[in-house]
Amino acid sequence: MTKPKMIIVEDDLKLQKMLQDYFVAQDFDVLVLDDGSNAAQTILAEQPDIVLLDLMLPGLDGLEVCNQIRENATRQVPI
């Protein structure tokens, strides 16, 4: 059975590392991003099973990233 894929978009590196460590320990395949600028493109390309998205991000804020994902995703991704 394959691990569920998660993308964490969080600019606070300490919190990002804590979340990544926790979800890896829970057997997720985790990719982390720290900027909203290319987050939507990466999420759409990677097709994760779930996204953990911060609202306050450099580049694009999390709400705009979420809107871009919803407008362009080929399937509903839980955010």
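Mentor: Let us begin with a single side chain. Lys3 counts as partly exposed, because its relative accessibility is 47%. Please keep in mind throughout that this is a predicted model.

Trainee: Which residue forms a salt bridge with Lys3, and how far apart are the closest N and O atoms?

Mentor: The general idea comes first. Side chains of opposite charge can pair when their charged atoms come close. In this structure, Lys3 pairs with Asp27 in a salt bridge, and the closest N and O atoms are 3.7 Å apart. The pair links distant parts of the chain, for the two residues are 24 apart: Lys3 belongs to the segment before strand E1 (5–9), while Asp27 sits in the loop between helix H1 (13–25) and strand E2 (29–33).

Trainee: Why does Asp27 count as partly exposed?

Mentor: The relative accessibility of Asp27 is 42%, and therefore the residue counts as partly exposed. The backbone of Asp27 also deserves attention: its phi is near 75 degrees, a positive value in a residue other than glycine.

Trainee: How many salt bridges does the structure hold?

Mentor: There are three salt bridges in the structure. Besides the pair already described, Glu46 and Lys5 meet through their side chains, at 3.4 Å from N to O. This pair, too, links distant parts of the chain: Glu46 is in helix H2 (residues 39–46) and Lys5 in strand E1, 41 residues apart. Glu46 has a relative accessibility of 35%, so it counts as partly exposed. Lys5 is partly exposed as well, because its relative accessible area is 24%.

Trainee: Where do Lys17 and Asp21 lie, and how many residues apart are they?

Mentor: Both Lys17 and Asp21 lie in helix H1, and they are four residues apart, about one turn of the helix. Their side chains meet in a salt bridge with an N to O distance of 2.8 Å. Lys17 counts as partly exposed because its relative accessibility is 45%. Asp21 has a value of 39%, so it also counts as partly exposed.

Trainee: Which residues line the largest cavity?

Mentor: Its lining consists of Ile43, Leu44, Gln47, Pro48, Ile69, Ala73 and Val77. Sorted by class, this lining has six nonpolar residues, one polar residue and no charged residues.

Trainee: Where is Gln47 found?

Mentor: Gln47 is found in the loop between H2 and E3. Gln47 has a positive phi of about 55 degrees, although it is not a glycine. The relative accessible area of Gln47 is 30%, and therefore the residue is partly exposed.

Trainee: Which residues form a nonpolar patch on the surface?

Mentor: The patch is formed by Leu55, Met56 and Leu63, and together these residues have about 360 Å² of accessible area. Leu63 lies in helix H3 (residues 62–72). Leu63 counts as exposed because its relative accessibility, 52%, is over the 50% cut-off.

Trainee: Is Ala39 buried or exposed?

Mentor: Ala39 counts as buried, because its relative accessibility is 0%. The residue is placed in helix H2.

Methods:
Residues are numbered from 1 along each chain as its sequence is written. This is a predicted model: local features need pLDDT of at least 70, side-chain atom pairs count only at pLDDT 80 or more; totals for chains, interfaces and linings use all residues. Side-chain values use heavy atoms; hydrogens and water are left out. On a 1 Å grid over the protein atoms alone, a cavity is a set of points where a 1.4 Å probe fits but cannot get out, and a pocket is an open set with protein on both sides within 12 Å along at least five of seven lines; lining residues have an atom within 4 Å of a point. Ala, Val, Leu, Ile, Met, Phe, Trp, Tyr, Cys and Pro count as nonpolar, Asp, Glu, Lys and Arg as charged, and the others, Gly among them, as polar. Patches are made of residues with over 30% relative accessible area and no salt bridge: like charges are joined within 9 Å, nonpolar side chains (Val, Leu, Ile, Met, Phe, Trp, Tyr) within 5 Å. Accessible areas come from the Shrake-Rupley method with a 1.4 Å probe; for residues, only the protein chains shown count as cover. A salt bridge is a side-chain nitrogen of Lys or Arg within 4 Å of a carboxyl oxygen of Asp or Glu. Buried means under 20% relative accessible area, exposed over 50%, partly exposed in between (1.4 Å probe, protein chains only).
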